[in-house]
Amino acid sequence: MKFKHLVALATLLTPAFGANAAGIDFRISNDTAEITYLTESATFGYGGADIGIGAFIAEDDSLLFNGSILVSGTPAGDVKGLQFGVGVKAYAGSLDTVNDDSGGGLALGGQIRYVFPSSTPVAVLGEAWVVPSVVSISNFDGVTEYRVALELEVTPSARGYIGYRNLEVDIDGIADSIELD
């Protein structure tokens with residue numbers, strides 16, 4: 001049933017963004033699924049920004065929406081395959097806990113990516129987002145998300161990856177974080 005909700009969201013996003021989409025990121029594990037629409041904007045900074053809008057669904061009926069803006073680029077120097085990014089990410093949703101906790105927050109974060117030079121581009125990626133307690137709302141007392149991935153360019157317009165992600169939400173009055181993924 002939850003997978004049907006994610007497919008419905010993907011179906012709704014497709015006509016709205018159509019061929020203008022820079023990308024769709026679909027992440028799936030045994031207990032979770034996430035779809036994110038990715039695009040670019042030249043109005044942020046010198047090189048523009050990557051903008052993402054997504055929805056995360058867990059098997060326990062937890063639902064978390066997110067939106068992100070990541071400004072990235074290559075550093076000066078001879079390391080051409082290295083890319084850095086910094087940005088903000090907003091989270092909002094509800095968790096299927098004892099109290100059906102809901103809330104949100106604004107994260108600061110960044111990304112580092114290195115593309116190995118080869119005929120078939122392979123890259124490693126590290127990313128982290130942290131919502132401090134001071135910018136959390138409702139029952140959320142913080143969110144932490146980090147991931148590492150190994151990417152392979154399948155075609156010039158498609159990449160596949162395998163990786164690890166940890167997504168935890170701190171709830172007011174609960175000592176342990178709730179691990180969603």
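Student: In this predicted model, are D25 and R27 buried or exposed?

Tutor: D25 is buried, and R27 is buried as well.

Student: What makes the contact between D25 and R27 a salt bridge?

Tutor: The N to O distance between the two side chains is 3.2 Å. The cut-off is within 4 Å for a side-chain nitrogen of Lys or Arg and a carboxyl oxygen of Asp or Glu, so the pair qualifies.

Student: Which salt bridge does E34 form, and how do you know that it counts?

Tutor: E34 pairs with R27, with the closest N and O atoms 3.7 Å apart. That value is within 4 Å, therefore the contact is called a salt bridge. E34 and R27 are both buried.

Student: What is the distance in the salt bridge between K89 and E145?

Tutor: The closest N and O atoms of K89 and E145 are 3.0 Å apart. The two residues come from distant parts of the chain, 56 residues apart: K89 belongs to strand β5 (residues 82–94) and E145 to strand β9 (residues 140–155).

Student: Why is K89 called buried?

Tutor: K89 has a relative accessibility of 6%. Buried means under 20%, so K89 is buried.

Student: Why is E145 called buried?

Tutor: The relative accessible area of E145 is 3%. This is under 20%, so E145 is buried too.

Student: Why is D31 called partly exposed?

Tutor: D31 has 47% relative accessibility. Exposed means over 50% and buried means under 20%, so a value in between makes D31 partly exposed. D31 is located in the loop between β1 (23–28) and β2 (32–41).

Student: Which residues gather with D31 in a patch of negative charge on the surface?

Tutor: The patch contains E59, D60, D96 and D100 along with D31.

Student: Why does G81 count as buried?

Tutor: G81 has 17% relative accessibility, which is under 20%, so G81 is buried. G81 sits in the loop between β4 (63–73) and β5.

Student: What does G81 touch, not counting residues up to four places away in sequence?

Tutor: G81 touches R113, Y114 and V115. G81 and P117 are 36 residues apart in sequence, with a C-alpha to C-alpha separation of 7.2 Å.

Student: Why is G160 called partly exposed?

Tutor: The relative accessible area of G160 is 30%. Since 30% falls between the limits of 20% and 50%, G160 is therefore partly exposed. G160 is part of strand β10 (residues 158–171).

Student: Which residues does G160 touch, leaving out those up to four places away in sequence?

Tutor: G160 touches L150, E151, L152 and V154. A149 is 11 residues from G160 in sequence, and their C-alpha atoms are 9.8 Å apart.

Student: What is the phi of D61, and where does D61 lie?

Tutor: Phi of D61 is near 75 degrees, a positive value in a residue other than glycine. D61 lies in the loop between β3 (49–58) and β4.

Student: What is the phi of S138?

Tutor: Phi of S138 is near 60 degrees, again positive in a residue other than glycine. S138 lies in strand β8 (residues 136–138).

Conventions
Residues numbered from 1 in each chain as written. Predicted model: local features only at pLDDT ≥ 70, side-chain atom pairs only at ≥ 80, totals over all residues. Heavy atoms only, no water. Helix = DSSP H or I, 4+ residues; strand = E, 2+ residues; numbered from the N terminus. Buried < 20%, exposed > 50% of the residue type's maximum accessible area, 1.4 Å probe, protein only. Contact = heavy atoms within 4.5 Å. Patch = residues over 30% accessible without salt bridge, like charges linked within 9 Å, V, L, I, M, F, W, Y side chains within 5 Å. Areas by Shrake-Rupley, 256 points an atom, 1.4 Å probe, with all protein chains shown as cover. Lys, Arg positive; Asp, Glu negative; His and termini not counted. Charge placed at Lys NZ, Arg CZ, Asp CG, Glu CD.
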